[in-house]
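Below is a walk through one structure, from the chain as a whole to a few side chains. Please keep the sequence and the model in view while reading.

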Amino acid sequence: MVSETALEELCDENGFLSQREAWSRDIAEAFAVSEGIVLTAAHWEVLALVQEFFKAFGESPANRAL
């Protein structure tokens with residue numbers, strides 16, 4: 001599991017990952033734990049879709065679309 005300190009070092013001043021390449025399932029789990037969330041199959045499905053969108057368009061989808 002990724003430590004809270006390591007997670008903070010990977011993020012910018014707004015709490016977002018500084019580099020997309022740093023994303024991993026372990027990182028996602030660490031973010032979820034820090035928010036008190038247990039990731040379910042539905043969460044992983046949405047995360048996979050967001051990853052695909054980012055790979056295709058170079059940015060995250062609008063929050064409204066999510």
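Accessible areas here come from the Shrake-Rupley method with a 1.4 Å probe. On that basis the protein chain, a predicted model, exposes about 5,200 Å², and carbon and sulfur atoms supply 54% of this area. Of its 66 residues, 17% count as buried.

The secondary structure comes to 3 helices and 0 strands, in the order α-α-α from the N terminus on. The C-alpha trace spans about 30 × 25 × 20 Å along its principal axes. Among contacts between residues at least 6 apart in sequence, 30% join residues at least 24 apart. The chain carries 4 positive and 12 negative side chains, and the centres of these two sets lie 10 Å apart.

Helix α2 covers residues 25–34, and Ile27, Ala28, Ala30 and Ala32 are buried in it. What covers the buried residues of α2 includes α1 (4–9) and α3 (41–57). After α2 comes Gly36, with a positive phi near 75 degrees. Arg25 lies over the face of Trp44, 3.8 Å from the ring centre.

How many aromatic pairs does a search of the whole structure find? The search finds 1. The ring centres of Phe53 and Phe57 are 4.6 Å apart and the planes stand at 45 degrees, so the pair is tilted. Phe53 and Phe57 are 4 residues apart in helix α3, which means that about one helical turn separates them. Phe53 has 29% relative accessibility and therefore counts as partly exposed, whereas Phe57, at 57%, counts as exposed.

Definitions and conventions. Residues numbered from 1 in each chain as written. Predicted model: local features only at pLDDT ≥ 70, side-chain atom pairs only at ≥ 80, totals over all residues. Heavy atoms only, no water. Buried < 20%, exposed > 50% of the residue type's maximum accessible area, 1.4 Å probe, protein only. Helix = DSSP H or I, 4+ residues; strand = E, 2+ residues; numbered from the N terminus. Contact = heavy atoms within 4.5 Å. Phe/Tyr/Trp six-rings, centres within 6.5 Å; stacked < 30°, edge-to-face > 60°. Lys NZ or Arg CZ within 6 Å of the ring centre and 35° of its normal. Lys, Arg positive; Asp, Glu negative; His and termini not counted. Charge placed at Lys NZ, Arg CZ, Asp CG, Glu CD.
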